[in-house]
Amino acid sequence: MKRRNFIKATSAAMTLPILVNGMGVQAIAKSSLFSSLNDDSDRVLVLIQLNGGNDGLNMIVPLDQYDKLANARSNILIPESSLLDVNDLVGFHPAMTGLKSLHDDGNLTIVQSVGYANQNRSHFRSTDIWNTASEANEFLTTGWLGRFFNEDHPTFPENYPNDDYQDPFAITIGSLVSETCQGIGGNYSLAINDPFNLNPLASVGIDEVPDTPYGEELTFLRTSIEQTNAYSEVIGDAATLGNTMATYPDGNRLGEQLRNVATLISGGLKTKVYIVSLGGFDTHANQTVDGNPLNGAHADLLNILSDAITAFQNDLKLLGLEERVMGMTFSEFGRRIRSNASFGTDHGDAAPLLVFGNCINPGFIGENPEIPDSPGVQDGVAMQHDFRDVYGSVLVDWFEVEEEKVKDLLYADFQYISILDPCGGTITPNDWPNTPSPYNPNKYSIVIDHGNFPNPFRERTNIEFELEKEGFVGLSVFNGSGQKIVDLVHKTLYAGKHQVKFDASTLPPGNYYYHIQTAGAQRTKLMVKVR
Amino acid sequence: MDRRTTLTTLFGRNQKSSTENITQALSTSSMTEMTVNSGLEPYLGPFEFEQAAHLLRRSTFGPTYAQIKASKDQGLEATVNQLFEFKPSPEPPINYSSQNDPNVAIGETWINAPYSTTVNLLAYRNQSLRAWTIGNMINEGTSIQEKMVLFWHNHFVTAEVNDPKFRYKNIELFREFAWGDFKELTKRVTVDPTMLRYLNGRQNTAVSPNENYARELLELFTIGKGEAVGQGDYTNYTEDDVVQMARVLTGWQDVGFGTINPDLEVGSIFRPNRHDNEAKVLSHRFDNQVITDMGANEYAHLIDIIFEKDEVARFISRKLYRWFVYYVINDDIEANIIEPMAQILIQNDYNIQPALEALLSSEHFFDMLNVGPMIKNPIDFLMSTLKQTEVEFPNNVLLANRFWWQIFRVLPAMQMEYYNPPSVAGWKAYYQEPMFYRMWINSTTLPLRQQLSNLMLFDGVVQGDFQIIIEPLELVESLDDPFDPNNLIKEFGNLFFPNSVTDDQVDILKEILIPGLPDFEWTVEYGNYIADPTNEDKKVAVENKLKFLLQGMMSMPEFYLS
């Protein structure tokens, strides 16, 4: 429904004196002396939120697990012959021809099985966890990007915009600001539906605001009006100056948002983060059509996603912006391994996350998820990469944040993953899985995983791995629904072989996973406890 | 001079530093310190225009000057009684425009009429339902009914289900139980046809349970998710309870969706062959109770079991509190308001009325600190714009529906489309920390608010020969003393704003009404018009001044607050 049908009629009649908040915008002192971030960077991060929980198993299909998937989700599984041929171990959903070509061109990275320990399967809670980058049982009121911006701009929104920072730090395309950008003092993102249609607002300011909740809300409203007015000018200018050169698919609701993003970047807006979104991934029912798993709600969504990203990346290339912009998807959770009889899937755990752009290590990071022979009804995909390691690695490589600072902003156990790559070199997709995930051998140790013995096991099993260099190791065990059972190792270990015993004598039989996290690699392996 | 400089000059600078303002406004910690110690005991203070306005702003949509005065005159207790007085459902929605419905003539209702294989009747019936919904709020009178209907719609969320007959039945359920028995309402919602479709209850079978509804029943509709204290244990319930309850709820399906069969009524049916007949064992959180062999009665028994837990009463009390009072719920509020409300609910077997009456008559509700900090949601803002200014709609119900539909169409852009909450948790303003009500306000929605009041002031909305528009001369006549410009502005302020206008504001607004002129000029001009009301020149002169004044006042953020 177009809002302008009803409301646009007014603008012609608005030749009235415009009243503006009396608070006034004052030029203020130069930026903080204590900046730890690189303000001169012109890099842009585009986040694509997939609302509802995306089914990764039908998107990036692990071919070495195909028989097990056929056993667990026969009514929705894409026929193997229809999958897009990516490599020996992975096929793409046939709706994603665009992403397939991005992969072939070296502009796509797939981080496997991203999630977090103790998966919460509530949409709202899990979205909060992803937005705030909290632990599963921790409640934060600031977003991960909000804390990043807060480092250098702790007094925001007071006296913003100003001469040094005329542009919004972040823009959410839509009508609600993104909680990823919630800071201590306010939300660093501005919600913009249509950058071409921003009008100044009127407001009568007064002198006194009482020291009450009423006063607080009133000040919030006045500040919002003031900021909207101040930012609308620069955004309007960028929208006018900006350009797009690629053809975006007609009627693609994500593509329309990304086209606005490309326009604003090319128009010179210095906004660092854009957040766009695509809803509808909560496919409890009719994820695929009865009798034709190639079609259905999920196929339509993946097609929208794939076409939109492809057009956007092409646009960046034509506009000469491809080395300044990277994109990343996220979703609150993946879905269950087993499908339901409604041709759908229920809330699950980890799922693949897509990173796209020119300045990336293309290909795959991590291994295919392991699907048990007999997954429980509640079982989701086991986490291999903590999402905060993905966020943090983006902060390190893209926004040049120190690793120690990332540990403050996100979590103490942050482990770097080399997802991005400085631009300029020749990049080809790594021939995964024959080589390990990209890592810097000078800086990071890697784990060589020898598996656990015995497996299956009755009461106890031994997990064995080898470190090339001394380094931090986190080794934990999870059950099939993503709940952490035990931390077995959480410290720095010497180089060489290590063996850790896992005692499951008090646990019920079923599917368990051990997860090894080191700087440079994260691995998740299935182990089965039997009676 | 650019406009910023102009206005800084015009209105002066803040005496208080903006640092201070913003730090206070935006830090959540300061809010918790600021909350009130008053409790649920009856309010015994004065009940003047200000208190009556506060009560009616929160319990109805956009009360008029006359309504507020009547409430003030009759007092708090009588007003609360009036708010909760039994009110029959409004006449059902009608076909107000479609020549193409073979089953429903213009002016007749479609709520029991079948669809057609040849004509698509969904579009006009959907419009009719939505127009009717706007009409119900406009014509609500001094009743809490419509605010409660929207409360329940935001609580027991449904969306997407595209059959207006279903949606009508669903929303009427909320009208029937507006302030009634929450437990019984939960039972009815559990097997409500719209809900069975929206949360996949219809696909929930013994062979393949679908736990979507069971999860939300616990997490969002009744007991709420507590802290995760163990593996899959959320204090109030466990993951396995979701699984077991989904099994209890198997077998229910909706009937009559999109039907062309004139004998098939919208409803729901229990299909025993789809029901899980094995025993369902709940966790220790529900005392390990076992449900078995009760067939079609299992769902109601399950709701009874859930409602044995007092946490349900606290959970719904918090939601009512955030709907009617404010979003901050700290330990004091929890102890002084939520817990006593919950006890009243439990004592009254989950009948909402006594607890809600207590809240709306309480010391806490009328505490100065609770007057004004609620940012109006878009529907409340829209209704304030239309109703507080006494915009007149045509008596012809067919024509009135056309206007109501046009009004409805503003809501999606303002981010609060009736019948389409953004998710099963409802509108974010009522649960999303830390912003809550502030979710409504951003650079996209703010301009819409101002455009809307400008539209209603200067262009109005036209259908055929009829125009709905704010008529300031009629509005001003209801005031006590419109001849004195100071009093005029103050009375408008009392009507539109939660707190009185300050002297500074009066001065600023007078600059709009009578720029650069002494006060008596208004008295003279307005007096000239009153003495000669048919003189077009005198009328237009005064009317335009009043429109600019109202534009100024309705653009003030104070008007966004309740």
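Predicted model: local features only at pLDDT ≥ 70, side-chain atom pairs only at ≥ 80, totals over all residues.
Axes here are lines fitted to C-alpha atoms, taken for helices over the stretch in contact, and angles between them run from 0 to 180 degrees between N-to-C directions.

In chain B, helix α19 (residues 378–388) packs against helix α21 (residues 445–459) at an angle of about 20°, and their axes lie 10 Å apart. Because angles under 35 degrees count as roughly parallel, α19(B) is roughly parallel to α21(B). The crossing in which α19(B) passes α21(B) is right-handed. On the α19(B) side, the contact is made by B:Phe381, B:Leu382, B:Thr385 and B:Leu386, which meet B:Arg449, B:Leu452, B:Ser453 and B:Met456 of α21(B). Sorted by class, this contact holds five nonpolar residues, two polar ones and one charged one.

As 10 of the 14 residues of α15(B) are buried, the helix is largely enclosed by the rest of the structure. Among the buried residues are B:Arg314 and B:Arg318, along with B:Phe315, B:Ile316, B:Leu320 and B:Phe324. The cover over the buried residues of α15(B) includes α4 (49–59), α10 (182–190), α12 (212–222), α14 (298–307), α16 (331–347) and α17 (352–360) of chain B.

Turning to chain A, the secondary structure comprises 10 helices and 19 strands. Of the 531 residues of chain A, 56% count as buried. Among chain A contacts between residues at least 6 apart in sequence, 74% join residues at least 24 apart.

Technical notes. Residues numbered from 1 in each chain as written. Chains lettered and ligands numbered in written order. Helix = DSSP H or I, 4+ residues; strand = E, 2+ residues; numbered from the N terminus. Parallel < 35°, antiparallel > 145°, perpendicular 65-115°, else oblique. Left-handed = near helix turned anticlockwise from the far one by under 90°. Contact = placed C-beta atoms within 7 Å. Nonpolar A, V, L, I, M, F, W, Y, C, P; charged D, E, K, R; others polar. Buried ≥ 20, exposed ≤ 12 C-beta atoms within 10 Å, placed from the backbone.
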